[in-house]
Amino acid sequence: MIYLDYNSTTPVAPEVLEKMLPYFSEKFGNASSSTHSYGWVAKSAVETAQQQVAGLIGCEAQQLLFTSGSTEAINLAIKGLWALYSPRKGKHIITCKTEHKAVLDVCEFLEKKAGARVTYLDVDANGSIDIEALKAALTDETILVSIMLANNETGVIQPMRAISNIVHDAGSILMSDATQAIGKIPVNVDELGIDLLCLSGHKFYGPKGVGALFFRRRSPRVALEALIHGGGHQRNLRSGTLNVAGIVGLGAAAEFAQNNLENFQSNTLDLRDFLEQQFTEHFQVHINGKEALRLANTSNISFSGKAASRIIEVIKGSIAVSTGSACTSEVMEPSHVLKAMGLSDADSYASIRFSLGWNTTKADILQVFDVFKARLNDL
Ligand code: PLP
């Protein structure tokens, strides 16, 4: 079985797992226990992880909160900001049609329940937003602009520096869902001008169920209201006993990502190009987002005239890939990302996402291609 679904989730890297293991057993203390060494050891491990994650994204350790993953970080960022800014500044949010459901569903929730006005920016055929359209949409009442750094389905990377300049000129705040970008491209919150950033361990060889939210404390100072109360952990912004082993894993994964970023990019880029070349030469395909700047590991391919659900059926047992976003793949509707890029329903239904990882080899790609050749022509 060849796994090419690394944008959905990654395995925990052996060096990450090794760092986590003691925190399930002998170092099991509660990071909030201040009266004994069990607690101190746990607290110190959490602080180390904070430094490691901060090092990866170029922020200060105090600007990070640990969460259960990106979905929670996104909810805390958008709803936490909404609670404080909407009564004072305005009720307008700008986002983009190709965002992950974690962002879109929160925006929809605020529209329905709290009277938010949300602008959903279009993208062009390559999945990039139009900077001029963003400029035109910003008003004095825009409290937040939420644009993802890299798309989970196509890998398309948005021009974040240009976006942040415009958002800040208009006096607003920029959040970026960087769940797919972290560990795949260099991310520095100061260089990119991001004020709130969400990340998730299981997308970059860390454990599932742990992530982080970066929020800027000055220029601009971003204030948030907590969503989860009870115990006052993490400066009252996210209560609940810290998942120490998970946080240690997140920190170790951040270090792993930082040390291996260049290798990861060049390895996966070569293999991804090889995969696309093989498919383009032998099948009638369209590569979605091909002309845009993309993550090196991601390829979203439409197989004209063939339903992706049927393709998945005939390759099952041999290759693990996904159609649409993995998080929504149980719902059979065309990918909202590909639809926003102008694909017809038929072409959206004919699309498969290949996402490569650390362990992917050229032999894997050749085998994938052989399986497709052998089984696809029957469709
Ligand atoms: N945002 C993006 C772009 C994602 O790809 C995902 C997961 O697929 C999420 C958010 C949600 O992350 P989590 O699984 O950590 O809640």
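A residue is called buried if its relative accessible area is under 20%, exposed if over 50%, and partly exposed in between, with a 1.4 Å probe and protein chains only. Helices (H or I, at least four residues) and strands (E, at least two) are DSSP runs, numbered from the N terminus. The model is predicted: local features need pLDDT of at least 70, side-chain atom pairs count only at pLDDT 80 or more, and totals for chains, interfaces and linings use all residues. Residues are numbered from 1 along each chain as its sequence is written, and side-chain values use heavy atoms, without hydrogens and water.

Select helix α6, residues 160-169: its buried residues are Met160, Ile163, Ser164, Ile166 and Val167. They lie on the same side of α6, because they cover an arc of only 165° around the axis; the arc is that of the directions from the helix axis to the C-beta atoms. Among the elements covering these residues are α5 (131-137), β5, β6 and α7 (189-192). Just after α6, select Gly171, which takes a positive phi of about 75°.

Next, display the open sheet of seven strands, in the order β2-β8-β7-β6-β5-β3-β4, with mixed pairing. Two strands pair if DSSP finds at least two bridges between them. At the edges stand β2 (64-67) and β4 (117-121), each with a single partner strand, so one side of each has no neighbour in the sheet.

Now select β3 (residues 92-96) and β5 (residues 142-146), which pair in the parallel sense over three bridges. Which residue stands opposite His92 in β5? That residue is Thr142.

Key. Contact = heavy atoms within 4.5 Å.
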